[in-house]
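Please keep the sequence and the model in view while reading.

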Amino acid sequence: MYKHIRPLEEVDTPDLVALMNAVYPDQPVTQEELRHSERTWDYSRYTRLWFVAEDEAGRLLGWGELRHSPWAFHPHRYSMRLGVAPQFRRRGIGTALYERLLAELRRRDAELVRCTVQESRQEGVAFLLKRGFREVDRTWESRLDVRSFDFAPFAEAYARVAAQGITITTLAAELVRDPAALRRVYDLDCACGLDAPSLDPPTFRPFELWAQDEIEKPGALPEAWFLAKDGNQFVGISSLQRAPALPEVLWVNFTGVRRECRGRGIAMALKLESIRYARAHGYREIRTENNARNRSMLRINEALGFRKQPAWVTFEKTLAL
């Protein structure tokens, strides 16, 4: 049985990573990734709290995280994550962590908290429903087998965008030509993000924090950030990143097209370029996540052959009276 719950310490990082990977073996993280996430978190703007449950021997049995969402910031709305080592479940550890996080939420006058769990994890779903959470959103993780992908049915995609004067380049190439291009890519990212489905109005990190988090993080691949240009204007983006703990896997970081340029085949051309990159560099699989309400991007992924995995369901609990 656990001894107590305490705040996370930096020395806990190796054990926390091992615990997280035991809970989510299909989405492993590395110590480098976790440390980078902590280094680049803007604690002056956003809350982020970690707690761990440990036993008499100092073993970590579970963890809990509470944080704001920088991409949709509201001072009284929080996201929560909980995890307990599989061999120590059903012993009250998750409940104890949850109650600690709930006490923090009340102390901070939170109005609501959200927690996301994969629908296939019925124990986690039941845990939240029992405590008054309700489903408010869904996100699909989808995967593409790069090695078996057939480019032939999409032969006209490049010709379609080229006929409109659209060219495809990369962030790495653009930075060689113009080191200031990164600011323009940031502006594109923000413009496209305005229309991404969100439970709260979108907000954007300052440029410097965005660059630290996106370009300097472990797994960043500037040569696999594909950009569509109309003349000298960036109009679309589809960026890939490595999964450091899964050497044969790439994740789609973000795909978007400026509102006024949609419906012209730009997103499809960008996605095809990313698949071509993955094939050329020996990757086995591309993974992506799309909100269930983002039907336009889901249709593109379905056409390309991405296969849906069990959905990640966001649950919400109202705290304010």
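Which residues of helix H1 (residues 13–23) are buried? In this predicted model, the buried residues of helix H1 are Thr 13, Leu 16, Val 17, Leu 19, Met 20 and Val 23. Viewed down the axis of H1, these buried residues fall within an arc of 165°, so they line one face of the helix.

A residue counts as buried when its relative accessible area is under 20%. His 36 has a value of 5% and is therefore buried. Apart from its neighbours within four places in sequence, His 36 is in contact with Gln 212, Asp 213, Glu 216, Lys 217 and Pro 218.

With neighbours within four places in sequence set aside, the contacts of Ser 239 are Ala 224, Trp 225, Trp 251, Val 252, Asn 253 and Phe 254. Between Ser 239 and Glu 119 there are 120 residues of separation in sequence, and their C-alpha atoms lie 27 Å apart in space.

The two residues are set out below.

| Residue | Relative accessible area |
|---|---|
| His 36 | 5% |

The description now turns to the whole chain. The protein chain has ten helices and 13 strands. For its 321 residues, a compact globule would have a radius of gyration near 20 Å, and the chain has 21 Å, which agrees. Along the principal axes, the C-alpha atoms fill a box of roughly 65 × 40 × 35 Å.

Of the 321 residues, 50% count as buried. The chain exposes about 15,300 Å², of which carbon and sulfur atoms supply 51%. Among contacts between residues at least 6 apart in sequence, 71% join residues at least 24 apart.

How many positive and negative side chains does the protein chain have? There are 48 positive and 44 negative side chains, and the centres of the two sets lie 4 Å apart.

Definitions and conventions
Residues are numbered from 1 along each chain as its sequence is written. This is a predicted model: local features need pLDDT of at least 70, side-chain atom pairs count only at pLDDT 80 or more; totals for chains, interfaces and linings use all residues. Side-chain values use heavy atoms; hydrogens and water are left out. Helices (H or I, at least four residues) and strands (E, at least two) are DSSP runs, numbered from the N terminus. The radius of gyration is taken over C-alpha atoms; the globule rule is 2.2 Å times the number of residues to the power 0.38. Buried means under 20% relative accessible area, exposed over 50%, partly exposed in between (1.4 Å probe, protein chains only). Contact means heavy atoms within 4.5 Å. Accessible areas come from the Shrake-Rupley method with a 1.4 Å probe; for residues, only the protein chains shown count as cover. Lys and Arg count as positive and Asp and Glu as negative; His and the chain ends are not counted. The place of a charge is taken as NZ of Lys, CZ of Arg, CG of Asp or CD of Glu. The arc is that of the directions from the helix axis to the C-beta atoms.
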